[in-house]
Structure formats: structure tokens, C-alpha cells
Amino acid sequence: MPIKSGPRHSMPPKKRIKSMAVHVKDDYCDVGYTAKCELDSHADTIVMGKQFRYISDTGQYCSVSGFHDSFDAIDDIPVACGATKWTCPESGKTYILYVNQGLYFGSSMDHSLINPNQIRHFGIELSDNPFDLGRFFGINHPEMQLPFKRDGTTVYFETVLPSQEDLDDPSFTHVTLTDSEVVWDPQTVDLSPDRPYGDQRVNISVMQSVGGDDMGESSYRGEVDSILNSVSGSLVPEVMGHRMVSAVKISESKGSCYEKVNKEVPRHQRN
């Protein structure tokens, strides 16, 4: 079922404190609770459920519709930063995953919903297509590779509600999955490759024009090729393909989004 969040708005301080108290009051009673993070592009913003620990709010709130069967909007859901814990089953290494600008439901929701585009928008590689054998099926971050699981048509990964000790443990690696600076507004967000950071680590471009018949008549496969060559050698399929490949230059981009991702510091660690 689609989840649509309304326009973000601020709230008077007293009402804001009361609202956060309602959402957070029971969230730390079940440390170690494990639940699914389900990939769902129909949720226009990441929805943080019971396995996420509240870190801080943005001061913004919104109404959320399409979640309950009644379709009635749920008002004043905080747009917040939350953290959850994931341990790699192969290495045993533990990571604290931070989501900025997510919809914080906390203990009122027994699982979480992950909009993959909100993570991609931050420049992190993510593939939730199990049929794409050419890409890692999961989150491919410079600090970790988090593989996805499948349950029928559902793609997901499991995480755990962390304790304060987990957040403070220096042996755990902290990874930020979504942006805390560029506003995530699902109504106006640009999902084109020209987003704020981009995740293009490799640029492929045609750098030069290749002239001359550099393959010779041995590339001609018949009379048709000979006729095409009399007009232009580039019309011969074999020659044209060779020249196109020769004209491509591959170079690494500088100042990629990954530098920003690696420099991102969770809010609770900032001075």
C-alpha cells in the first residue's frame, strides 16, 4: 500500500515536545528487537519503525496517509534522524546505520520501510533488482556491503534496535544512509542523475574523432561492405564499431559524492 507524506511544517515548541514524547516514550524498552527493513519505493520517504532508535528531530512534521486501512491521515509524524544496528553475518562486524529525514514511527510500527531512491539520492549505490546479476544485490557503500534477502516478492534486510551503549561503542562502524543537509521533499525531489552529489564515479565520453581507414579491406565481408566503403569507411559495420570503441575515453571523476558520505558525521557525535 502506498505511503504518501504531506508537506513539511514546523510546530510550536510546547506541542513539539509533547509530540516527540508520544513517539519516543516506549522506544527503548525492547533493545535488541529485530525486524525487517522492507524495500518499498511506494513509501515516498523512509519509514523508521520499532528497530530504529530516535536520535534527533529536524523540527519538521507532516501528515502521512495510505498506511492504515482506513486511509485516514496520521498527523504530526516527526521528520527525524534515527539509528539501527546491523551485523554482517560473514565478518561479524557491526554497523550503526543512520537515516536522516525519515518518518519516525518508532514502537507504533513493527517493521520499517526503505525508499531506495532516498538512499540513491545521497549517492550510495543500491540495487533491489534480484534479476540484475551484474550488480551487487544490496547496499554497496564504501564502508560496507549489505546484502538483501528475499521473501516471495518482498526484498528486505533485518536490523536490530540498538542500545545507547551500542551507539557509543567505538568498535562499531557508523554509516549514514541518507542526507541531513539537502532537504528530502518527495513532492519536488529531482531523481535525475544530476542530483546534488551524483554517484557517477566513472565518466565515459567521446574525446576525439578517429579518421582514416585503420582496419583495412580485411574487415570487409562482401560486396556491400566494399560499396559502403566507397562512400565512407565508417559505414562498414566492423570499421564503425572499432572506431567508436577507439574514440571512448574512461576517466575517474574527482570529488565524488562518496567523499561527502565518508565525511558525514552522525548528529549525536557532532560537537
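Predicted model: local features only at pLDDT ≥ 70, side-chain atom pairs only at ≥ 80, totals over all residues.
Q101 is found in strand 6, which covers residues 94–104, where strands (E, at least two residues) and helices (H or I, at least four) are DSSP runs numbered from the N terminus. The phi angle of Q101 is near 55°, a positive value in a residue other than glycine. Q101 is also buried, with a relative accessible area of 9%; here buried means under 20% relative accessible area, exposed means over 50%, and partly exposed lies in between, with a 1.4 Å probe and protein chains only. A positive phi near 55° is likewise found at D76, which belongs to strand 5, residues 74–87.

Residues are numbered from 1 along each chain as its sequence is written, and side-chain values use heavy atoms, with hydrogens and water left out.

The protein chain as a whole holds six helices and 15 strands, and of its 271 residues 44% count as buried. Among the contacts (heavy atoms within 4.5 Å) with a separation of 6 or more, residues 24 or more positions apart account for 72%. The chain exposes about 14600 Å², of which carbon and sulfur atoms supply 51%; such areas come from the Shrake-Rupley method with a 1.4 Å probe, and for residues only the protein chains shown count as cover.

From the surface we can turn to the interior. In soluble globular proteins, nonpolar side chains tend to be buried together. A nonpolar core is a set of buried Ala, Val, Leu, Ile, Met, Phe, Trp, Tyr and Cys residues joined through side-chain atoms within 4.5 Å, and the largest one here has 27 residues, those with the most contacts inside it being L97, I139, M144, F148 and F157. The elements that give two or more residues to this core are strand 2 (34–39), strand 5, strand 6, strand 10 (144–147) and strand 12 (154–160), and strand 6 gives the most, with four residues. A second, separate core of eleven residues includes V47, C62, V79 and L113.

Which residues does Q118 touch, leaving aside its neighbours within four places in sequence? They are T45, I46, N100, Q101, T178 and W184. Q118 has its place in helix 2, residues 116–120, and is buried, with a relative accessible area of 3%. A polar atom of its side chain lies 2.9 Å from the backbone nitrogen of I46, and the Q118 side chain also reaches the backbone oxygen of Q101 at 3.1 Å, which leads back to the residue that opened this account.

Three strands form an open sheet in the order 8-9-10, with antiparallel pairing, where two strands pair if DSSP finds at least two bridges between them. Strand 8 (125–127) and strand 10 stand at the edges, each with a single partner strand, so one side of each is left without a neighbour in the sheet. Strand 8 and strand 9 (residues 138–141) pair over three bridges, and S127 stands opposite G138 in strand 9.

Note on methods. Polar contact = N/O pair within 3.5 Å; in protein donor to acceptor, adjacent residues only side chain to side chain.
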